[in-house]
Amino acid sequence: MVKVGVIGVGYLGQHHARVLSELSGETGACRLAAVADADRARAEEIAARYGCRAVGDYREMLDQVDAVSIVTPTTTHYDVALRCIRAGKDVLVEKPITATIEEADALIRASEAAGVLVQVGHLERFNPVVGALAPFLDSPTLIEAERLSPFQGRGIDVDITLDLMIHDIDVIHSLVAGSPVRDSKATGSRVLTPTIDMAKAWLEFDNGVHAVLSASRIALEKRRRLTIFQKESYVVMDYQEMEITRFFRDNGRIASGTVKVERKEPLKEELRDFLSCIDTRSTPRVCALKGRTALTIALQIGERIKQEW
Ligand code: NAD
């Protein structure tokens, strides 16, 4: 049984604590041992909800846990994760892995030296609709991603490229089987924060597939969609509705068919997988190297936009 601690129990971390507590009841594979938050009152509130220990300084819980979920702001991921890794803990760190490539490389080296697992919280890989996509794919030529949200004032310590676009970068990169980016263009604006609030990027992969990504945290409505254009059909995957619609030619007209995927909570699937990787000592689906690749592409897009400014 793995004793897990959650570090940072703000908007998302409270759900890590809830899901770990649910998994503990359902499978007995883990126990939520403690939660930590720099805001101690917040840690106490969440700990009371799930019946575990609360600490203000996460270092005080390290001798009581085997693994941690790090759900603090992105700019703190490196310091917190490095300390946990050096203490020999398996780590699930929220996306993006870190704020810079140098930090990601240092975490990768430290995890190899310590022999611990690092999984990066690219949640959409565990969305059942992404898992159901493979049978619909037939040599994609262009992949279009839209990830739009109304402004919520969260995640603004980093550009939209690291906040939201990185989810689609990671999913698309897995769909092109890790083919390197050959060329890219990007544009964007800062409207409500000093960083990039909306971005549009065009990527060309070595295998010839193109991708167009739009991400915004200043949109009027929430949308999470991936459209995949292929030689004789196109497929629309809706991350929120968890449904896939295929459009194709039928007697000279466009026909379509929609499949609804059985709903499962992506965070629960992600944490379940983390626990299973700990149990079997296997490499996580989104390991530190994959997190680093997504970060590299996201940072390149951000740089292109800033050069344009
Ligand atoms: P948040 O601001 O709501 O919560 C962060 C919490 O961490 C706060 O309670 C804060 O007090 C605490 N904290 C800050 N520094 C700390 C430290 N050194 N030690 C302990 N606690 C500390 O932020 P959020 O929206 O929950 O985002 C947190 C992380 O989760 C970010 O990296 C973000 O990118 C990621 N995130 C991922 C997804 C996803 O879909 N995978 C969604 C939202 C957020």
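These legends go with several close-up views of a predicted model.

**View 1. Here we zoom in on the ligand and the residues around it.**
You can count 19 residues surrounding the ligand, and the closest are Tyr11, Leu12, Asp37, His77 and Lys95.

Start with Asp37, where a polar side-chain atom sits 2.5 Å from an oxygen atom of the ligand. Thr74 also brings in a polar side-chain atom, 3.2 Å from an oxygen atom of the ligand. With Lys95, look at the backbone instead: one of its polar backbone atoms is 2.9 Å from a ligand oxygen. How much of the ligand's accessible area does the protein cover? On its own the ligand has 850 Å² of it, and the protein covers 77%.

**View 2. Now for the sheet of six strands.**
This sheet is open, its pairing is parallel, and its strands come in the order E3-E2-E1-E4-E5-E6. Which strands sit at the edges? They are E3 (53-55) and E6 (118-121), and each of them pairs on one side only. On average, and ignoring direction, neighbouring strands here are turned by 20 degrees against each other.

**View 3. Let's look at one strand pair in that sheet, plus a helix packed on it.**
Strand E5 (residues 90-94) and E6 run parallel and are joined by four bridges. Find Glu94 and you'll see Gly121 of E6 standing opposite. Helix H3 (residues 77-86) packs on the sheet, where it touches E1 (2-7), E4 (67-70), E5 and E6. The direction of H3 makes about 180 degrees with that of E4.

**View 4. Two backbone spots deserve a second look.**
Most residues other than glycine have a negative phi, and most peptide bonds are trans. Against that background, check the bond between Lys95 and Pro96: this peptide bond is cis, with omega at about -15 degrees. Where is Pro96? It lies in the loop between E5 and helix H4 (101-114). The other spot is Ser139, a residue other than glycine whose phi is positive, near 50 degrees. You'll find Ser139 in the loop between helix H5 (128-131) and strand E7 (142-148).

**View 5. Next up is the sheet of eight strands.**
Its order is E8-E9-E10-E7-E11-E12-E13-E14, the sheet is open, and the pairing is mixed.

**View 7**
E7 and E10 (residues 210-216) run parallel, with seven bridges joining them. Glu146 has Ser214 in E10 as its bridge partner. Helix H6 (residues 160-175) lies across E7, E9 (198-205), E10 and E11 (223-229), and runs at about 155 degrees to E10. Helix H8 (residues 288-308) packs on the sheet too, touching E8 and E9. What angle does H8 make with E8? The two directions are about 55 degrees apart.

How values were computed
Residues are numbered from 1 along each chain as its sequence is written. This is a predicted model: local features need pLDDT of at least 70, side-chain atom pairs count only at pLDDT 80 or more; totals for chains, interfaces and linings use all residues. Side-chain values use heavy atoms; hydrogens and water are left out. A residue is near a molecule or strand if one of its heavy atoms lies within 4 Å of it. A polar contact is a pair of N or O atoms within 3.5 Å; within protein, one must be able to donate a hydrogen and the other to accept it, and residues adjacent in sequence count only if both atoms are side-chain atoms. Accessible areas come from the Shrake-Rupley method with a 1.4 Å probe; for residues, only the protein chains shown count as cover. Two strands pair if DSSP finds at least two bridges between them. Axes are lines fitted to C-alpha atoms, for helices over the stretch in contact, and angles run from 0 to 180 degrees between N-to-C directions. Contact means heavy atoms within 4.5 Å.
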